[in-house]
Amino acid sequence: MADNRKQIIAATLCKHLSFDPKDFCGDVEKCDVKSLCINILKLSPKGSSFLSNDEVMKWIAFADSFPLNSEACTAAINGLNDELAHKSVLLGNGFKLSEIDVIIYSVIHSCLIAMSNSAREKFLNVLRWVDYVQSKEDLGNIVERIPVEKIKFEPQASKSATSLEANLNPKDAAKDVKTDTNTKKDTAKGSKGSKAVSAPESDKSIEKDKTVKKGKNEKVAAASEQKKPETEAASKDDVPVSLLNIQVGLIRKAQKHPSADSLLVEEIDVGESKVRQVVSGLAKFCSPDDLVNRRVILITNVKPGKLRDIVSEGLVLCASNEDHSIVEPLLPPEAAQIGERVSFSGHEGKPEDVLNPKKKQLDKITPHLFTDENGVATYKGIPFMTSAGPCTSSIRKGTIK
């Protein structure tokens, strides 16, 4: 079984690096997993610098020590599942499939494929990562594809509809107080005829009740009026995210801007009759080759304009860390349909045909866009959703623009 695992690692890694696996046949039998991986990686263009990376060596050590016993394998995969709870991929930014992701996939493959569906479903983070690896690299002629059932993502409501309605409609609360007051008045009148209460005492009781309820109603009304300007001001400044037409796109071509070192020009397919030309400031963070055939999400209803004489017809949404030293485009699931619109639960609505720059609609929405602790892209905590699941980033708790 150990030799079979090494054969799979050699075959998948060689395919990823476009090597001939026959060149390493002897090495497979003679060396351990760690030596095998190092020998193959050394021949890659960036082999020496790649192997000097501590994170690379950490995962190669993980692969070398991965157990053969099924029970121990499950425990090791559980640890991998915990690791993947905080990152999208094991190494890199997800633009390209890394050699480490290929190695670890090959190492755990036999253990995962032997599990029942119910056993595999306990490792949701691993399955999400497996789906990504299998969508990036066709390994069907080497190993059997691990079945991954798509999980429907349903964000949990933070408040009940009733409590939200009460918070948003203070006037209704005032109405309820008035209704309660009238009910108590009717009760007092009915009890007057049925109980032996003297007329003066009954009148005093009713008058006292009226005074107390009147005071309460006036306080509620005053509070409602006091909050009214604040509520109106908030609603005036609040721009619904549904005005944005955010779509899944596929970058068909990318190149450097002819007259701006910090800009790239991309041709992005969003399911229309022709590709869209988009100019983005990504040249400092990734190369054109990194972007070709990469899925992104972009706002397609921004007003077209020129950036250094090149027309741009969209805005690629990217996540960045706190000091903006790392920037990367948000990543929709591989199974998402090209051109489909990204949605936000509870914010259904028709997008603007073209956003009005004078209204600064986009400027009012972007301060609410962030990636959460798991790297899921969100608007006010609500995930960017596609038919195949949420959009993500390897940058956690980052800003989105």
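Colleague: At what angle do the axes of helix H5 and helix H7 cross?

Modeller: The axes of H5 (residues 54-65) and H7 (residues 99-114) cross at roughly 15° and come within 10 Å. Axes here are lines fitted to C-alpha atoms, for helices over the stretch in contact, with angles running from 0 to 180 degrees between N-to-C directions. Helices are DSSP runs of H or I with at least four residues, strands are runs of E with at least two, and both are numbered from the N terminus.

Colleague: Is H5 roughly parallel or roughly antiparallel to H7?

Modeller: That crossing makes H5 roughly parallel to H7; the term covers angles under 35 degrees.

Colleague: What should I know about the model itself?

Modeller: It is a predicted model, in which local features need pLDDT of at least 70 and side-chain atom pairs count only at pLDDT 80 or more, while totals for chains, interfaces and linings use all residues. Residues are numbered from 1 along each chain as its sequence is written, and side-chain values use heavy atoms, with hydrogens and water left out.

Colleague: Which residues of H5 and H7 meet?

Modeller: From H5, Val56, Trp59, Ile60, Phe62 and Ala63 meet Ile100, Ile103, Ile104 and Val107 of H7. Contact means heavy atoms within 4.5 Å. By class, this contact has nine nonpolar residues, no polar and no charged ones; Ala, Val, Leu, Ile, Met, Phe, Trp, Tyr, Cys and Pro count as nonpolar, Asp, Glu, Lys and Arg as charged, and the others, Gly among them, as polar.

Colleague: What does Ile38 touch?

Modeller: Apart from neighbours within four places in sequence, Ile38 is in contact with Leu51, Met57 and Ile60. Ile38 is found in helix H3 (residues 33-42).

Colleague: Is Ile38 buried or exposed?

Modeller: Ile38 is buried, at 17% relative accessible area. Buried means under 20%, exposed over 50% and partly exposed in between, with a 1.4 Å probe and protein chains only.

Colleague: Turning to cysteines, how many disulfides are there?

Modeller: The count is zero disulfides, a disulfide being a pair of cysteine sulfur atoms within 2.5 Å.

Colleague: How much of the protein is buried?

Modeller: Of the 401 residues in the protein, 41% are buried. The protein has 14 helices and 15 strands.

Technical notes: Angles under 35 degrees count as roughly parallel, over 145 as roughly antiparallel, 65 to 115 as roughly perpendicular and the rest as oblique.
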